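Subject: Structure handover

Hello,

Here is the structure for your files. My notes on it follow below.

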Amino acid sequence: MANLIDNTARQDARAARHPEKQKRPDSPILRKPDWIRVKAPLGKTFSETQKIVKDGGLVTVCEEAGCPNIGECWDQKHATFMILGDTCTRACSFCNVKTGLPGAVDTDEPRRIAEAVAQMGLNHVVITSVDRDDLDDGGAQHFVDVIEAIRGKSPGTTIEILTPDFLRKDNAEDIVIDARPDVFNHNLETVPRLYLSIRPGARYYHSLRLLERVKQRDPSQFTKSGIMVGLGESKEEVMQVMDDMRSAGIDFLTIGQYLQPTRKHAAVDRFVTPDEFKAYETIARAKGFLMVSATPLTRSSHHAGDDFKKLRAARDQQLARS
């Protein structure tokens with residue numbers, strides 16, 4: 001009986017987070033290979049990070065998206081803050097973030113995030129958000145407010161943003177670019193062929209142009225993008241995405257394994273081996289990316305601070321050679 005009650009509770013929680021997916025048939029969940037295994041979140045530092053997030057009334061993508069690296073990152077006092085609420089207006093089939101109609105924008109959130117960044121002593125912080133198609137600017141001004149609040153309280157902290165696509169928002173991204181984050185990240189997520197089933201609310205070439213616009217408006221700003229593999233894409237399609245990204249001037253590429261959040265989400269087609277990830281990294285570096293992170297557990301903000309140092313060093317080396 002206890003198991004039945006537990007299963008029912010989990011199903012109800014899933015339905016509340018993803019009501020739009022409940023009529024979909026369950027898809028099988030493949031057994032994870034050994035290279036996907038991660039340690040359970042434990043330890044004093046993890047608890048301290050959790051307390052800072054909770055006391056500040058903040059949202060993290062680490063929790064909302066069910067990131068497998070949360071134990072490692074929080075144990076090092078690294079967290080990726082998710083602004084503009086915990087409810088997304090899109091319904092991507094890969095994502096575990098709650099979908100629905102979001103609430104009003106919390107105008108005090110920038111102050112609280114800036115305080116949490118200072119309290120955690122972060123040298124590098126990643127700020128992401130849900131999609132807010134309900135807002136005239138897609139949440140662009142709120143990104144600016146958060147960047148300015150962090151810089152006011154922690155001027156030495158470098159800032160990486162992971163933005164939505166600002167689709168149909170009349171160049172709202174310009175004010176975010178002009179706020180000069182250290183890294184402007186927007187994920188393409190998958191190959192163009194799979195957009196209709198995996199990322200139906202987005203447009204591949206719009207996302208690509210968004211990143212290209214960053215470089216056109218501020219050539220000194222680092223740009224970053226990532227994709228998931230294991231969704232049914234071919235190696236040739238991944239290499240074409242790499243070429244598209246380089247044509248848009250993208251500096252940093254991340255590639256990670258897609259992991260299925262629930263049986264109602266898109267199914268894992270296969271688990272890409274570590275050797276295949278190494279091959280993707282070699283190919284991507286040969287195509288001219290300044291920085292590449294390609295492993296099964298790679299996520300956009302995983303090791304972001306260390307990777308930013310490597311990214312900046314790679315550019316310095318490139319400039320020295322030219």
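Two strands count as paired if DSSP finds at least two bridges between them. On that basis β5 and β6 are a pair, parallel, with three bridges. One caution before the rest: this is a predicted model.

Overall picture

The protein contains 12 helices and nine strands. Of its 322 residues, 52% are buried. Among contacts with a separation of 6 or more, 77% are between residues 24 or more positions apart.

Confidence in the model averages a pLDDT of 89 over the protein, and 88% of the residues score at least 70. Residues 1–9 are another matter: pLDDT stays under 50 there, and the model gives this stretch zero contacts beyond four places in sequence. Where pLDDT is low, the predicted coordinates should not be read in detail.

The sheet

Seven strands form an open sheet with parallel pairing, in the order β1-β4-β5-β6-β7-β8-β9. At the edges are β1 (80–83) and β9 (291–294), each of which pairs on one side only. From one strand to the next the twist averages 20 degrees. Helix α5, residues 109–120, packs on this sheet and touches both β1 and β4 (124–129). The direction of α5 makes about 175 degrees with that of β1.

Strands of a sheet pair through backbone hydrogen bonds, either parallel or antiparallel. The pairs I looked at, going across the sheet from β1, are these:

- β1 with β4: parallel, over four bridges. Isoleucine 83 has serine 129 in β4 as its bridge partner.
- β4 with β5: parallel, over five bridges. Valine 125 is bridged to isoleucine 159 in β5, and threonine 128 stands opposite leucine 162 in β5.
- β6 (residues 183–185) with β7 (residues 222–229): parallel, over three bridges. Here valine 183 has phenylalanine 222 in β7 as its bridge partner.

β4, helix α6 (residues 140–153) and β5 make up a β-α-β unit, and the unit is right-handed. From β5 the chain crosses to β6 through helix α7, residues 173–178, in a β-α-β crossover that is also right-handed.

Which residues of β4 are buried, and on which side? His124, Val126 and Thr128 are buried on one side, and Val125, Ile127 and Ser129 are buried on the other, so both faces are covered. Because six of its six residues are buried, β4 is largely enclosed by the rest of the structure.

β5 (residues 158–162) is mostly covered, with five of its five residues buried. Thr158, Glu160 and Leu162 point one way from the strand, while Ile159 and Ile161 point the other way. Glu160 is thus among the buried residues of β5, as buried means under 20% relative accessible area.

A helix pair

Helix α10 (residues 235–247) and helix α11 (residues 274–286) have axes that come within 10 Å and cross at roughly 35 degrees. The crossing of α10 past α11 is right-handed. On the α10 side the residues involved are Lys235, Val238, Met239 and Met242, which meet Tyr280, Ile283 and Ala284 in α11.

An exposed leucine

Leucine 101 sits in the loop between β3 (98–99) and α5. Is leucine 101 buried or exposed? Its relative accessibility is 75%, so leucine 101 counts as exposed; the cut-off for that is over 50%. Arginine 90 is 11 residues from leucine 101 in sequence, and the two are 9.6 Å apart in space, C-alpha to C-alpha.

Regards

Note on methods:
Residues numbered from 1 in each chain as written. Predicted model: local features only at pLDDT ≥ 70, side-chain atom pairs only at ≥ 80, totals over all residues. Heavy atoms only, no water. Helix = DSSP H or I, 4+ residues; strand = E, 2+ residues; numbered from the N terminus. Axes fitted to C-alpha atoms, helices over the stretch in contact; angles between N-to-C directions. Contact = heavy atoms within 4.5 Å. pLDDT = per-residue confidence, 0-100. Buried < 20%, exposed > 50% of the residue type's maximum accessible area, 1.4 Å probe, protein only. Right-handed = clockwise from strand over helix to strand, strands pointing away. Left-handed = near helix turned anticlockwise from the far one by under 90°.
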